[in-house]
Amino acid sequence: MPKFESKEDFCNQTNMKDEINKELVEFAYKKLNIPLEHGDQNYERMISGLVYNFFNQELADARTFARDYILDYEKIRRRDYNSFLEYIFAKREHLAKFIGHVPEEILIEYPVHFDYGFNTYFGKRFYSNYNLTILDASVVKIGDNVMCGPNVTITTATHALDPTLRANGLENALPVAIGNNVWLGAGSQVLPGVTIGDGCVIAAGAIVNKDIPENSVVVGVPGRVVKTLEPFDPNFDVQTLLQEYGMGFIP
């Protein structure tokens, strides 16, 4: 039977928080399209890392409606649109119905999976290959120019390690933040509570279980930093370089 010396000890052992994350709640209400009333205590507990009621009616409805939107996303067909751009725009408009924040430039291949959808913030020019999974019981912040290979998983959901506590239904979630210009390789996984800095590359199959500094290359299980990259240069003109080498794009 688990033993705890104090509330602090309980939180440390269970990886749970003991108070509402006011900054995160403010971000959610201001930046995300949330289909719940502001001030919903169960929602605020969920995204803040506290124990919450998974079977709460509002949350259960939100999860299951997200499944419906995902199934409908699969039905968007290129043949029903006059151009590729119209097709991509239709996919984007559909995502905006249930995702927290969707930029103008986004392409997510089907199949894709979300827990809620509305707890996920996508930055500009996001792309994911097939089978992206985001378990967004807490908030997932994704920066600009982020790319995901196939079968990438980002999860905020976690459970008590102790079997007695886990069997009694204790569940919580910890937010994930991914910076700008990040590439998540095929089959990589980002675990609850992790922050990945700008400019990082997460190698195929890597499992990220701790914060990663900017411009790092991460490989392995668990993920470890093996290289540091040069920071992003916003003034670099790759098109000019391609033309110089005779490798420019063909219209």
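Colleague: What makes you say that Arg63 lies over the face of Phe54?

Modeller: Arg63 is 3.8 Å from the ring centre of Phe54, and a charge is said to sit over a ring if NZ of Lys or CZ of Arg is within 6 Å of the ring centre and within 35 degrees of the ring normal. This is a predicted model, in which local features need pLDDT of at least 70 and side-chain atom pairs count only at pLDDT 80 or more, while totals for chains, interfaces and linings use all residues. Residues are numbered from 1 along each chain as its sequence is written, and side-chain values use heavy atoms, with hydrogens and water left out.

Colleague: Where does the charged end of Lys141 sit?

Modeller: It sits over the ring of Phe27, with 4.2 Å between the charged end of Lys141 and the ring centre.

Colleague: How many aromatic pairs are there by the rule you use?

Modeller: Rings of Phe, Tyr and Trp (for Trp, its six-membered ring) pair if their centres lie within 6.5 Å, and planes under 30 degrees apart count as stacked, over 60 as edge-to-face and the rest as tilted. By this rule the count is 13 aromatic pairs.

Colleague: Why is the pair of Tyr29 and Tyr43 called tilted?

Modeller: The ring centres of Tyr29 and Tyr43 are 6.3 Å apart and their planes stand at 35°, so the pair is tilted. Tyr29 belongs to helix H2 (residues 22-31) and Tyr43 to helix H3 (residues 41-48), so the pair ties together parts that are 14 residues apart in sequence. Helices here are DSSP runs of H or I with at least four residues, strands are runs of E with at least two, and both are numbered from the N terminus. Tyr29 and Tyr43 are both buried, a word that means under 20% relative accessible area, whereas exposed means over 50% and partly exposed lies in between (1.4 Å probe, protein chains only).

Colleague: What makes the pair of Phe114 and Phe122 edge-to-face?

Modeller: The centres of Phe114 and Phe122 are also 6.3 Å apart, but their planes are at 85°, so this pair is edge-to-face.

Colleague: Why does Arg92 count as buried?

Modeller: Its relative accessibility is 16%, so Arg92 counts as buried. Arg92 has its place in helix H5 (residues 84-95), and, leaving aside neighbours within four places in sequence, it is in contact with Val102, Pro103, Glu104 and Ile106, where contact means heavy atoms within 4.5 Å.

Colleague: How do you know that strands S17 and S18 are joined?

Modeller: Two strands pair if DSSP finds at least two bridges between them, and four bridges join strand S17 (residues 216-219) to strand S18 (residues 224-228), which run antiparallel. Val218 has Val225 in S18 as its bridge partner, and the two strands form a hairpin with four residues between them, where Gly220 in the turn has a positive phi of about 95°.

Colleague: What makes S3 and S14 edge strands?

Modeller: Four strands form an open sheet in the order S3-S6-S11-S14, with parallel pairing, and strand S3 (120-122) and strand S14 (195-196) are its edge strands, since each pairs on one side only. Within this sheet, three bridges join strand S6 (residues 140-142) to strand S11 (residues 176-178), and the partner of Ile142 in S11 is Ile178.
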